[in-house]
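Here is a friendly walk through one model, region by region. Have your viewer ready and follow along.

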Amino acid sequence: MRLGNLIKELDFIELVGIEDYDEEIEGIKYNSKRVEPGDLFICLTGEHVDGHEYAEEALANGAVACVVERRLSVDAPQIVVSSTEEMIAKISSEFFANPSRKLNMIGVTGTNGKTTVTHLIQKLYEAFEQKCALIGTLGHKFFSDDEYRDAKHTTPQAPELQELLWNINEKCIDNVVMEVSSHSLVQHRVDYVDFNGAVLTNLTQDHLDFHITMNNYFKAKAMLFSELVTGDFAVINNDDEYADKFKEVISTGVNTYTYGVTGKADVMAKDISFDNDGASFTCIVKGKEYKTNLSMNGMFSVYNVLAAITTALALGFDIEKSIRVLEKIPGVAGRFEVVVTKPTVIVDYAHTPDGLENVLNAAREITSEGAKLICIFGCGGDRDATKRPKMGAIAEKFADKVIVTSDNPRSENPQQIITDILAGFKSVNEVIVEPDRELAIKEAYKLANANDVVLVAGKGHEDYQILADETIHFDDREKVREIFYGN
């Protein structure tokens with residue numbers, strides 16, 4: 001794309017030193033170390049790094065121009081804009097020829113359940129012989145049986161996202177379902193992505209280190225729904241306490257569908273039961289009843305499946321066939337994943353108060369009478385500290401035995417994180433504290449009898465642990481198999 005063609009699409013303050021409008025732009029970069037000859041460098045200003053300080057390095061690596069928020073003392077073309085964070089999405093979309101306009105885009109947002117719901121929707125599309133790409137926490141894949149690729153963020157930064165959407169177009173895939181994080185909405189990563197549908201799973205406490213208040217967190221999530229236009233659709237969890245607030249931001253003309261268990265909705269579940277094989281319920285869609293037997297377990301799985309069925313309703317898919325497809329899906333890696341049997345050891349990604357309570361309740365449903373439910377968990381460092389005592393209180397309330405350990409401590413002292421968690425316990429006399437996550441799993445091995453259930457929560461699919469000075473390989477599933485099968 002020629003520099004002049006790009007500039008005419010931008011709302012800029014001034015142009016500095018730009019004489020050759022025919023200069024060819026080969027790529028968009030915001031990391032100076034990754035700049036290649038011909039790239040346009042965007043000087044992003046973040047929490048910890050100011051991209052303006054790396055402009056010289058970017059130019060030395062071959063950048064043909066910089067997009068800046070202030071004039072720099074460099075002998076190079078500069079496009080001065082009011083906000084590089086906002087402008088990077090516009091530039092990226094223009095550079096890749098606005099790829100989302102050619103796609104049917106569904107965004108899934110919420111505190112918990114995004115990953116599972118996106119996978120279920122992808123499976124539904126494919127069951128109806130429509131290609132659908134997926135973008136989310138585990139990475140992206142063009143088809144459901146693909147390997148995951150590149151998972152740096154739940155929602156990629158704008159240049160990577162727009163390039164990915166362009167690639168999806170090139171592969172003649174018409175549909176995309178993607179997880180949309182609250183960070184990505186506030187940080188403008190999904191600006192200029194033309195969503196045709198939006199799905200809300202739930203809204204409970206998380207990321208308050210970033211959003212500060214739940215109202216700010218809601219406003220961030222609500223941005224996805226407020227941008228929908230006439231003819232688009234919204235799917236709302238009607239049981240969520242923020243449901244009505246989300247409905248309020250949806251424009252007239254957007255087709256809104258609801259799902260739930262406790263109140264009236266377009267898609268509902270009743271007569272819900274659980275056993276070792278999964279969850280069963282009667283699904284009611286527009287007054288018609290369907291017997292449903294899932295291979296997934298837990299009330300959260302019921303809600304996730306209801307979200308997928310409601311999306312099928314919005315898309316005009318046959319409901320009977322949709323339910324039969326969803327019944328066969330075993331679940332997503334690291335989401336209530338049974339890794340070992342006798343005792344039953346479950347690995348789950350739950351890292352919020354609501355998420356931990358949900359999976360503990362699900363684990364309790366399959367814990368036989370007289371058997372113990374053992375919970376191992378920690379909390380991430382450099383993240384919302386207010387949820388730590390809440391998670392401690394939940395673990396104490398719903399588990400028979402609790403082992404508090406480390407998650408991803410990052411730059412924080414692991415012992416301080418554990419102290420914060422223990423503040424939520426009424427009594428710490430019975431709590432086992434073991435900061436070393438591997439040794440914590442070994443403690444569970446010593447405690448567990450054949451009929452017991454062990455929940456290892458917090459990291460799920462992650463195969464690493466982020467420490468103060470290094471990131472090491474650590475996969476809960478691998479460690480569980482090694483400890484429980486190897487001893």
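## Ground rules

Contact here means heavy atoms within 4.5 Å. With that cut-off, and leaving aside neighbours within four places in sequence, tryptophan 166 is in contact with Phe96 and Pro99.

This is a predicted model, in which local features need pLDDT of at least 70 and side-chain atom pairs count only at pLDDT 80 or more, while totals for chains, interfaces and linings use all residues. Residues are numbered from 1 along each chain as its sequence is written, and side-chain values use heavy atoms, with hydrogens and water left out.

Tryptophan 166 sits in helix α5, residues 158–170; helices (H or I, at least four residues) and strands (E, at least two) are DSSP runs, numbered from the N terminus. Its relative accessible area is 35%, so tryptophan 166 counts as partly exposed (buried means under 20%, exposed over 50%, partly exposed in between, with a 1.4 Å probe and protein chains only). Phenylalanine 95 is 71 residues away from tryptophan 166 in sequence, and their C-alpha atoms are 9.9 Å apart.

Threonine 204 belongs to the loop between β10 (197–200) and α7 (208–211). With a relative accessible area of 18%, threonine 204 is buried. Beyond its neighbours within four places in sequence, threonine 204 is in contact with Thr111, Asn112, Met214, Tyr217 and Asp354. Threonine 111 lies 93 residues from threonine 204 in sequence, with 5.9 Å from C-alpha to C-alpha.

## The six-stranded sheet

Six strands form an open sheet with mixed pairing, in the order β16-β17-β21-β18-β19-β20; two strands pair if DSSP finds at least two bridges between them. At the edges are β16 (337–340) and β20 (432–433), each pairing on one side only.

Strands β18 (residues 373–377) and β21 (residues 453–457) run parallel and are joined by four bridges. Which residue in β21 is the bridge partner of leucine 373? That partner is valine 453. Helix α16 (residues 476–486) lies across β16, β17 (344–348) and β21, at about 30° to β16. Axes are lines fitted to C-alpha atoms, for helices over the stretch in contact, and angles run from 0 to 180 degrees between N-to-C directions.

## A helix pair

Helix α13 (residues 387–398) and helix α14 (residues 414–422) have axes that come within 6 Å and cross at roughly 55°. That angle makes α13 oblique to α14 (under 35 degrees is roughly parallel, over 145 roughly antiparallel, 65 to 115 roughly perpendicular, and the rest oblique).

Arg388, Pro389 and Gly392 in α13 meet Ile417, Asp420 and Ile421 in α14.
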